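Subject: Handing over the structure

Hello,

Here is the structure I promised to pass on to you. Please open it first, and then read my notes below alongside it.

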Amino acid sequence: MSQTHVVPTRVYYTIFAILMFCTYLTVQVAFLDLGALNTVAALAIAVFKAVLVVLFFMHVKYSTRLTWVVVIGGAFWLGILLALTMTDYLSRAWGTFG
Amino acid sequence: MQTTVAALPPRHYLNDGFGIRSWLFTRDHKRIALLYLATITLFFFIGGAMAVLIRLELATPAGDLVTDETYNKLFTMHGVMMVFFFLIPSIPATLGNFLVPLMIGAKDLAFPKLNLLSWYIFVVGGLFTLYALISGGVDTGWTFYTPFSTISSTSKVVPTALGVFITGFSSILTGLNFIVTIHRMRAPGMTWFRMPLFLWSIYATSLIMVLGTPVIAITILLVAAERLFHFGFFDPAVGGDPVLFQHLFWFYSHPAVYIMVLPSMGVVSEVVAAFCRKPVFGYRIVAFASVAIAVLGFLVWAHHMFVAGISVYAAMIFSVLSMLVAIPSAVKVFNWTATMYRGSISWQTPMLYAMGFIGLFTIGGLTGVFLATLAVNVHVTDTYFIVAHFHYIMVGGALMGYLGGLHYWWPKISGRLYPEFLAKLSAGIIFLGFNLTFFPQFVAGYLGMPRRYHAYPPDFQVLNVLSSAGASILGVGYLIPMAYLMWSLRYGRAAGSNPFGAVGLEWMTTSPPPTENFATTPVVAWDAYDYKGEVEGRVA
Ligand SMILES: [Cu+2]
């Protein structure tokens with residue numbers, strides 16, 4: 001709040017270019033048959049893009065530690081949702097017959 | 001106990017501007033609290049009317065008063081109204097809004113306009129839901145389970161879902177406002193560990209609101225989208241999974257129980273300290289227990305899904321995690337009891353409600369441990385045992401705390417005293433009516449009476465008649481405070497700034513407080529509940 005960080009526009013253009021390249025990459029990867037890795041690859045690229053947006057466009061990279069705590073906390077809570085839900089999906093078939 | 005001249009101060013937030021505009025455009029947290037109070041009271045009585053009809057129907061085994069379809073709509077609307085439009089906003093939006101700035105020695109919340117906005121959002125969400133109610137109603141249960149809600153139901157699912165979705169934003173904004181206010185606006189000397197425990201519980205509640213509400217909002221939107229456009233999130237025919245809905249729904253809706261009950265726990269801490277004239281035993285442990293309940297509450301949701309076809313291994317994990325919540329909850333109950341030990345207890349109305357909370361919450365909490373146990377859960381799932389359990393938490397716990405808090409701070413809010421005898425009487429009536437309504441439901445449920453049916457085997461009639469009789473007593477118990485609190489607004493004796501002789505910044509300004517709360521920013525040099533210091537003159 002006390003000081004505002006001025007980011008050179010060059011940074012924004014670079015990030016934008018990277019995001020666009022990643023979009024291109026996603027499309028290209030979609031044409032490859034990676035089996036189970038298809039989803040993994042698409043999600044990995046998407047997460048990478050999201051992190052870039054959060055860090056640079058949302059200025060979290062230049063923000064206070066408390067902001068970092070809030071962002072990491074939010075991501076961690078999403079992790080709880082995904083991880084505990086997956087305990088169900090991954091083990092649902094165990095020990096069942098037929 | 002009370003030395004100030006008993007007359008209202010010449011200038012206070014209630015006479016600082018008159019007319020409808022001065023209320024609808026106010027940015028004063030105290031006035032916004034009253035706007036919320038009026039709104040949720042309306043929703044409480046709408047939800048209560050549904051409950052009356054439900055209990056009337058169940059007075060006889062035959063489904064003779066309303067059709068099965070109408071009955072489905074009644075319990076759905078009862079749940080939606082009570083959960084989303086009364087219990088979740090109840091303490092945070094009224095007492096929280098009123099007290100957070102007062103208790104930390106601030107002039108207002110961090111974002112006063114955002115605060116007003118969240119009330120408007122709440123009203124818009126409520127209007128959507130009322131529209132759904134009037135234009136035909138919803139029959140999915142307040143839980144909106146798929147595939148019924150997305151494929152089968154022909155009722156007004158979409159407007160209700162939108163209503164709940166919109167209201168979620170009001171909850172998020174309120175939580176955000178409280179978090180920022182508590183972080184940034186504390187008066188000099190008001191350290192984290194000098195804060196009243198009510199604020200710790202409101203802080204923990206706000207964390208749940210901010211972290212959990214987006215999930216339910218999106219989930220309910222997905223239901224509406226799937227209904228309208230036939231996406232495949234939850235429909236197995238197009239690759240979805242109906243159980244996924246339950247995961248997402250309960251990820252919020254279990255912690256939502258703590259949105260309802262944590263603030264009540266905060267009220268109980270304040271009230272027990274004030275009426276035993278002692279600091280709360282183990283202050284820090286109670287403070288951390290609030291945060292622990294908020295965090296652990298996010299790790300237990302699948303205990304609502306043990307018979308829904310989830311993995312047994314996941315069920316075991318969730319069963320064990322669910323029991324962990326009992327630890328911080330029990331810490332609180334034991335610490336309140338230890339606070340009362342050798343305290344000089346005065347049995348005024350708020351204390352009666354606090355005692356009611358402690359007893360009823362303990363019953364509700366312990367039956368929760370039964371339900372967390374896998375084998376017992378299978379036996380009682382979807383029976384009245386569940387209904388009894390969560391009403392002990394939500395009505396016996398959350399609502400008792402709300403009423404206790406409303407009575408405790410009513411002299412501060414209105415500047416006037418309510419008639420103590422009537423208040424004690426209605427507290428007794430509510431306690432009696434509550435137990436008569438819901439205890440028989442434990443028995444009926446254990447014997448196998450399923451929930452959500454408008455007819456039942458005649459064997460259960462005695463228990464149901466008891467329950468319906470209790471509900472009528474309970475209803476009277478709610479109408480009496482409604483009447484005398486309204487009466488006191490005009491005719492009550494002036495309360496003076498600190499009618500209970502309590503310690504806390506909110507008692508160090510006039511009743512009702514001026515718009516800016518404090519003439520000069522207070523400087524805090526004492527711990528919360530420093531009743532010894534009050535006697536020795538350390539508390540300024
Ligand atoms: Cu639960």
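Let me start with one residue in chain B. B:Thr146 sits in the loop between helix H4 (112-134) and helix H5 (148-152) of chain B. Helices here are DSSP runs of H or I with at least four residues, strands are runs of E with at least two, and both are numbered from the N terminus. B:Thr146 counts as buried because its relative accessibility is 6%. For that term, buried means under 20% relative accessible area, exposed means over 50%, and partly exposed lies in between, with a 1.4 Å probe and protein chains only.

Before going further, a word on the ground rules. This is a predicted model, so local features need pLDDT of at least 70 and side-chain atom pairs count only at pLDDT 80 or more, while totals for chains, interfaces and linings use all residues. Residues are numbered from 1 along each chain as its sequence is written, chains are lettered from A and ligands numbered from 1 in the order in which they are written, and side-chain values use heavy atoms, with hydrogens and water left out.

Back to B:Thr146: its side chain reaches the backbone oxygen of B:Pro242 at 3.3 Å. Setting aside neighbours within four places in sequence, B:Thr146 is in contact (heavy atoms within 4.5 Å) with B:Val223, B:Phe234, B:Pro242 and B:Phe245.

**The copper ion**

Which residues coordinate the copper ion? They are B:His254 through ND1, B:His303 through NE2 and B:His304 through NE2, at 1.8 to 2.1 Å. Along the chain, these donors follow the spacing H-x48-H-H. B:His254 belongs to helix H8 (residues 242-276) of chain B and B:His303 to the loop between helix H9 (283-296) and helix H10 (312-324), so this pair, 49 residues apart, links distant parts of the chain. Both B:His254 and B:His303 are buried. Donors are N, O and S atoms within 2.8 Å of the metal (3.2 Å for Na, K and Ca), and as water is not among the atoms, sites may look incomplete.

**B:Trp301**

B:Trp301 is also in the loop between H9 and H10 of chain B. It is buried, with a relative accessible area of 0%. Leaving aside neighbours within four places in sequence, its contacts include A:Leu81 and A:Leu84 from chain A, and B:His247 and B:His254 from chain B. The side chains of B:Trp301 and B:His247 make a polar contact at 3.1 Å. A polar contact is a pair of N or O atoms within 3.5 Å; within protein, one must be able to donate a hydrogen and the other to accept it, and residues adjacent in sequence count only if both atoms are side-chain atoms.

**Where the chains meet**

The contact between the chains takes 15 residues from chain A and 20 residues from chain B. Together they bury about 1500 Å², 75% of it on carbon and sulfur atoms. A:Trp77, A:Leu81 and A:Leu84 supply 40% of the area that chain A buries against chain B, more than any other three residues. Buried area is the accessible area (1.4 Å probe) that two parts lose on being put together, summed over both.

Six residue pairs are in polar contact across this interface, both at pLDDT 80 or more.

**Salt bridges**

Side chains of opposite charge can pair when their charged atoms come close. A salt bridge is a side-chain nitrogen of Lys or Arg within 4 Å of a carboxyl oxygen of Asp or Glu. A:Arg92 is partly exposed at 26% relative accessible area, whereas A:Asp88 is buried at 0%.

In chain B, B:Asp28 and B:Lys30 form a salt bridge at 3.1 Å, N to O. B:Asp28 is buried, with a relative accessible area of 6%, and B:Lys30 is buried at 0%. Salt bridges with shared partners join A:Asp88, A:Arg92 and B:Asp241 into one network.

Happy exploring!
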